[in-house]
Amino acid sequence: MSTTRPSATEPETAPEEVERLLARAAAAAPSWGRFTPAARADTLTAVADALDARTGELVPPAAAETGYTTGRLTGEIKRTTVQLRMFADRVRSGAYLDVTIDRADPEFVLGPRPELRRHQVPIGPVVVFAAGNFPFAFSVAGTDTASALAAGCPVILKTHPGHPRTSAATAAIVHEALAEAGAPEGVFAMITGRQAGVTVLRDARISAAAFTGSVRGGRALFDIAAARPTPIPFYGELGSINPVVVTEEALAERAEEIASGFVASFTLGTGQFCTKPGVLLLPRDADTAQTVEVIARAAGEVAAAPMLSADIATGYGYRLAEITAAAGTDVLVKGAVSTDDGGVPQVSPSLVRVASVAQLRAAAAVLLEECFGPAALVVPYDTEEEVEDLLADLDGALTVSIHTSREASGAPGGDKYRRLVELAQQRAGRVVFNAWPTGVAVTHAQNHGGPYPAATSAHTSVGTGAVWRFLRPVVFQDAPDDLLPPALRESNPLRVPRTIDGQSERLPATATES
């Protein structure tokens with residue numbers, strides 16, 4: 001049975017409650033920051049265990065509020081708890097402290113050198129703005145919250161209005177798990193309402209902010225963070241068109257596979273992924289028209305599916321009208337916006353062909369702006385130089401995907417596309433080969449970000465590298481050993497990995513290890 005999901009609205013957390021939560025977060029920061037790596041890791045694991053144990057309570061409200069399937073939501077909760085445990089493992093190892101020691105050296109080549117001991121410390125309380133398209137993995141207990149807590153920072157979470165019941169249920173589980181694990185009161189709090197979020201962002205007790213959402217919303221918050229008397233880092237993941245380049249070798253090798261993969265990727269999740277491939281660049285040759293026909297036929301067979309809210313569906317309709325009105329465009333599959341019997345907004349895919357790269361560039365203000373929903377452009381190109389020039393001028397992207405020959409290394413085309421790869425690296429945070437950008441693996445090596453407007457910083461928001469956003473380095477010079485933080489003391493009581501005079505420290509084996 002369908003549930004109506006109207007335009008998202010939410011109540012405002014009362015100003016006095018906002019003040020109380022800010023005061024509690026500020027009070028909790030010193031004690032949470034002093035937790036040992038092992039104790040903080042145990043706390044993160046406790047939150048993951050609690051979410052796993054109560055998955056059955058979280059899926060029904062999320063399904064009602066988002067229209068996502070039970071399988072999709074169960075998998076997303078699993079992703080959320082996996083990343084919590086990954087952060088816990090990273091914290092437990094102590095590697096995130098990045099301890100580096102240079103011993104005093106009276107004979108140093110530039111003159112006598114003092115002893116320097118550097119580590120990372122929590123930046124302070126963080127406000128996290130939850131995303132709408134991932135009600136768990138980028139929301140209450142998602143990657144921003146998990147990485148900030150892992151760094152030792154209290155979190156005030158501003159919910160997304162699209163899934164209030166899901167957010168409240170998740171927050172209650174997180175609160176309970178943190179309290180039972182012994183975390184200080186105030187280390188996590190949830191607020192609702194646009195004004196409450198802005199109030200927290202402007203407050204001097206907040207040291208950083210994280211956001212996942214639109215360019216417009218993210219830029220407004222970014223400007224607020226920068227305009228504070230004391231500006232703070234704003235880690236925003238905003239918008240991206242995620243271009244895909246198909247080389248002539250790849251098209252000759254597997255045209256049908258590329259066609260079906262592209263349709264599956266840009267329609268996945270009703271096109272509501274930030275990594276959706278929005279532009280497909282195909283070499284113009286005798287087979288291109290046939291490939292485009294295959295893509296159009298496959299896109300036309302994709303059934304209408306629900307969007308997250310009426311607002312998002314309306315925005316999709318507006319963007320389609322803008323795109324199809326641009327010069328040089330030809331609508332191959334005309335998407336539609338409708339509602340089902342329960343009032344839930346439904347949309348079908350749209351596919352638009354642009355006559356040439358020149359036409360694409362001429363209408364870049366319209367065509368190269370992200371369209372949130374299952375819409376994509378197909379653009380034929382005549383030369384590799386055309387594609388290179390386009391990439392060089394593109395705004396920053398989360399991803400650039402390149403489909404090349406799958407033949408062994410050294411096959412024709414290897415050196416030919418090195419310039420293309422260089423440009424892709426300059427314009428994106430992740431360069432994908434012979435695959436599609438949707439689906440962001442949660443790993444240590446992952447980078448989810450890119451030049452603006454893909455992101456507002458050089459840091460990733462996915463993977464264990466996300467913890468670096470909420471840490472800052474402090475160095476102690478010639479400090480007495482008994483006044484040093486434990487990780488910097490000569491005896492290394494926390495047994496964290498350290499670099500001393502440029503070499504990795506060899507830790508003595510413990511009784512258990514020997």
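Predicted model: local features only at pLDDT ≥ 70, side-chain atom pairs only at ≥ 80, totals over all residues.
The buried residues of helix H8 are covered by elements that include strand E3 (126-129), helix H7 (194-202), strand E6 (208-212) and strand E7 (234-237).

**Helix H8**

H8 runs over residues 215-227, 13 residues in total. From the first C-alpha to the last, H8 reaches 18 Å, close to the 18 Å expected at 1.5 Å a residue. Its buried residues include Gly218, Leu221, Ile224 and Ala225. Viewed down the axis of H8, the buried residues fall within an arc of 120°, so they line one face of the helix. An α-helix has 3.6 residues a turn, so residues three or four places apart point the same way. On the face of H8 turned away from the buried side are the exposed residues Arg216 and Ala227.

**Cavities and pockets**

Six cavities of 30 Å³ or more are present in the structure. The largest cavity has a volume of about 120 Å³. Its lining consists of 15 residues, and those nearest the centre of the cavity are Lys276, Gly278, Glu369, Cys371 and Ala375. Helix H11 (310-325) and strand E15 (375-381) are the elements that give two or more residues to this lining. E15 gives the most to the lining of the largest cavity, namely three residues. Sorted by class, the lining of the largest cavity has nine nonpolar, two polar and four charged residues.

The second largest pocket holds about 470 Å³ of space. It is lined by 22 residues, with Gly33, Arg34, Arg40, Val121 and Pro122 nearest the centre. At least two lining residues of the second largest pocket come from each of helix H1 (15-34), helix H2 (37-53) and strand E2 (116-122). The classes in the lining of this pocket are 14 nonpolar, six polar and two charged residues.

**Individual residues**

| Residue | Relative accessible area | Class |
|---|---|---|
| Leucine 360 | 0% | buried |
| Alanine 183 | 12% | buried |
| Threonine 270 | 10% | buried |
| Arginine 495 | 30% | partly exposed |
| Threonine 247 | 0% | buried |

Leucine 360 belongs to helix H12 (residues 357-362). At 0% relative accessibility, leucine 360 counts as buried because the limit for that class is under 20%. Apart from neighbours within four places in sequence, leucine 360 is in contact with Val279, Val354, Leu367, Leu368, Leu377, Val379 and Leu390. Between leucine 360 and serine 139 there are 35 Å in space, C-alpha to C-alpha, and the two are 221 residues apart in sequence.

Alanine 183 sits in the loop between helix H6 (164-180) and strand E5 (188-191). With neighbours within four places in sequence left aside, the contacts of alanine 183 are Trp32, Phe35, Thr43 and Leu178.

Threonine 247 is placed in the loop between strand E8 (244-246) and H9. Leaving out neighbours within four places in sequence, threonine 247 is in contact with Pro283, Tyr381, Ile402, His403, Thr404, Ser405 and Tyr417.

**Backbone**

Most residues other than glycine have a negative phi, and most peptide bonds are trans. Threonine 270 is not a glycine, yet its phi is positive, at about 55°. This threonine is in the loop between helix H9 (248-267) and strand E9 (279-283), and threonine 270 is buried at 10% relative accessibility.

Arginine 495, also a residue other than glycine, has a positive phi near 55°. Its place is the loop between E18 and strand E19 (498-500). At 30% relative accessibility, arginine 495 counts as partly exposed.

The peptide bond from tyrosine 452 to proline 453 is cis, and its omega is near 10°. Proline 453 lies in the loop between strand E17 (428-433) and strand E18 (471-477).

Conventions. Residues numbered from 1 in each chain as written. Heavy atoms only, no water. Helix = DSSP H or I, 4+ residues; strand = E, 2+ residues; numbered from the N terminus. Expected span 1.5 Å × (residues − 1). Buried < 20%, exposed > 50% of the residue type's maximum accessible area, 1.4 Å probe, protein only. Arc of directions from axis to C-beta. Contact = heavy atoms within 4.5 Å. 1 Å grid on protein atoms, 1.4 Å probe; cavity = no way out; pocket = protein on both sides within 12 Å on 5 of 7 lines; lining within 4 Å. Points joined across faces, edges and corners; volume = space filled by probe spheres on them. Nonpolar A, V, L, I, M, F, W, Y, C, P; charged D, E, K, R; others polar.
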